[in-house]
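Here is a quick tour of one protein chain, written for someone new to reading structures. Keep the 3D view open and follow along.

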Amino acid sequence: MLSQEENDLITKVGPGAPMGELARRFWTPLLLASELPAADCDPVRVRILGEDLVAFKDSNGAVGLLEAWCPHRGADLFFGRNEEAGLRCVYHGWKFDVAGSCLDVPNAPEGATFREKVRARAYPAVERGGVVWGYLGPPESVPDFPEMEWTRVPDSHRYISKMFLDCNYLQTMEADIDSSHLGFLHSYVKGGTVVGRAVIDGRANGIEDFAAADRAPSWTVKDTDYGAMLTARRDAGDNYYWRVNQWMIPFYTMIAARPGDTVLCQVKVPVDDEHAVAFRVRWHADRPLTPEELAVYRDKGVLFPEMIPGEFRTRENKANDYRIDRAQQRHYSFTGIKSIPAQDFAVTEVQHGGPVSDRTRERLVSSDAAIIQVRRRLLRSVRELQEGQEPPEARNGGAFRVRSLDLVMPKTATIENDAREHLVARA
Ligand code: FES
Ligand SMILES: [Fe+2]
C-alpha cells in the first residue's frame, strides 16, 4: 500500500513531475526503428512522458526529435514536409533541422536574419537495437546508453512488437515484476486441474509446470546497481525451481529464461499519466531467430498478441473484454483469453476502475515483495533527484548487462554459488 502522495510521486510522468524528471534522466524508447525506415521518410507522431513530439529521419539519415508545435504559431509539425535535411512546416514554410536550428523563414523579409533567433525544441535521438530512442532530460547531462543484451545483438537475433495501452506505465510494469501471478493468470486447465503450458503442449517435464504446482514461491529481492534482482524459489520435488527476473530502472523487466533459450524483455514506457506503450522484445544472444520461432511470434497469437493491421493495438483489447471465451475458461485456460500479453492487460489496464491504480486501497502480502521493493527503489530515486542527487544508473550503462534465469537445481545449490555465470549478459 502507498499513500496518495507516494502513488502520485511514481505515477505522474509529465514535465516537472518527480517521476517524469527521473525518467527523463535516461534514454527512452520511442518507436520501432522500422517506423523511420529511410532518409526523408514520413515524419511520425510521438507522444512520450506527456510531451507531443515529431520524429523524422533527415536526408543524411540522422534522426530528429522535435516538439510537435512549430515555434512560429504552433502548427503541428507532423504535417511537415521532410526535405533537404530538415522538416518544413506546411503552414508558412519555416524549416528546422534535427538539432532544432531554423534553416528558413521564407514568409517574411526579415527571415534571413531573424531565423538565427528561432529554435525548435529538439531532443537527441538515436537508433539502436531495433528501436528509436530519445533523451528528454537536461541537455548538459546526456546519460550512458543502457547496455541491455537485446540492444547489442544483431537485428536477425531479435523480434520486437509494439503496442499501446490505456493505463499508467506502473501498473503494467508491476505485472512484469510479479511472477507470483504465473501459476494463475497464465496457466491452463486440464481435467479440472490447473497446469502449466508444457502439459498442454505435450512437452515432458516442462519446468513452467512447477509454477503451477507450487503457487506460493519464496521471494528474495536484491537491490542492484541497475535496479533489482527478483528471485522466486519454488518447490520441485527433490529440487528447487528458480525464476530470476531482472528489473532495470526505470521501466524494463527481463523475464526468467532458461540458459540457451530465447529471452523476453518487457519495456513499459509512459506515454502520459494514463497511457503507456509496450515494447515486447524477444531475442537470442548467440544466433538468429529461426523461421519457426518467428512464425510462432508473428502468427500464433499466444506469445505475442494478434495486432489490428496498421495499428499498434492488440485485437484483444478493453473494448471487447480481450475476447474472453468463457467456454475456454472452463475447460482450457485459467482466463479464457488467448494471448499471454492480453491476459496481463485484462487485469492491469483497469485497476480500481481507472487507468491509474489506487495504491492506497491495496492489501499487499508477502508474495508482493518484488513490487514493494521496486516501488521503494523508485520512490528513493525520485526523492533523491528532488534533492539534487542524479540517478547513478544513468551513468553506468554497463550495469545493465545482466540476464534473467529460469533453472531447476538441487536443493543444496544457490543462485550465488551455482548459477552466477548465467546472470551475465552474453552480448
Ligand atoms: S506555424 Fe509553422 S511556419 Fe507558421
Ligand atoms: Fe503476466
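Let's start with a hairpin: β14 connects to β15 through three residues. This is a predicted model, where local features need pLDDT of at least 70, side-chain atom pairs count only at pLDDT 80 or more, and totals for chains, interfaces and linings use all residues. Residues are numbered from 1 along each chain as its sequence is written, while chains are lettered from A and ligands numbered from 1 in the order in which they are written. Helices (H or I, at least four residues) and strands (E, at least two) are DSSP runs, numbered from the N terminus.

- Strands β14 (residues 218-223) and β15 (residues 227-236) run antiparallel and are joined by six bridges; two strands pair if DSSP finds at least two bridges between them.
- Look for serine 218, whose bridge partner in β15 is arginine 233.
- Strands of a sheet pair through backbone hydrogen bonds, either parallel or antiparallel.

**Two domains**

- The chain splits into domain 1 (27-134) and domain 2 (149-423), with bounds that come from an automatic or database domain assignment.
- Taken over C-alpha atoms, the centres of domain 1 and domain 2 are 35 Å apart.
- Where they meet, 11 residues of domain 1 are in contact with 13 residues of domain 2; contact means that the C-beta atoms of two residues, placed from the backbone, lie within 7 Å.
- On the domain 1 side, β1 (28-32) and β2 (44-48) are the elements that give two or more residues, and β1 provides the largest share, three residues.
- That side of domain 1 has five nonpolar, four polar and two charged residues. Here Ala, Val, Leu, Ile, Met, Phe, Trp, Tyr, Cys and Pro count as nonpolar, Asp, Glu, Lys and Arg as charged, and the others, Gly among them, as polar.

- One open sheet has three strands in the order β1-β10-β9, with antiparallel pairing.
- Its edge strands, each pairing on one side only, are β1 and β9 (125-128).
- Ignoring direction, neighbouring strands of this sheet are turned by 35° against each other on average; axes are lines fitted to C-alpha atoms, for helices over the stretch in contact, and angles run from 0 to 180 degrees between N-to-C directions.
- Four bridges link β1 to strand β10 (residues 131-134) in the antiparallel sense, and one pair to find is leucine 31 with its partner valine 132 in β10.
- Strand β3 (residues 51-57) pairs with β4 over five bridges in the antiparallel sense, with lysine 57 opposite valine 63 in β4.

**A helix crossing**

- Helix α1 (residues 4-11) and helix α12 (residues 369-386) have axes that come within 10 Å and cross at roughly 80°.
- That makes α1 roughly perpendicular to α12, a label for angles of 65 to 115 degrees.
- From α1, Glu6, Leu9 and Ile10 meet Arg375, Leu378, Leu379 and Val382 of α12.
- By class, this contact has five nonpolar, no polar and two charged residues.

**Buried parts**

- Helix α5 (residues 169-177) is largely enclosed by the rest of the structure, because nine of its nine residues are buried. Buried means that 20 or more other C-beta atoms, placed from the backbone, lie within 10 Å of the residue's own.
- Among the buried residues of α5 are Tyr169, Met173 and Asp176.
- Asparagine 168 sits in the loop between β11 and α5, and it counts as buried because it has 30 C-beta neighbours inside 10 Å.
- Leaving out residues up to four places away in sequence, asparagine 168 touches Thr11, Asp273, Glu274, Ala276, Pro355 and Val356.
- Strand β19 (residues 275-283) is mostly covered, with eight of its nine residues buried.

Terms used:
Parallel < 35°, antiparallel > 145°, perpendicular 65-115°, else oblique. Buried ≥ 20, exposed ≤ 12 C-beta atoms within 10 Å, placed from the backbone.
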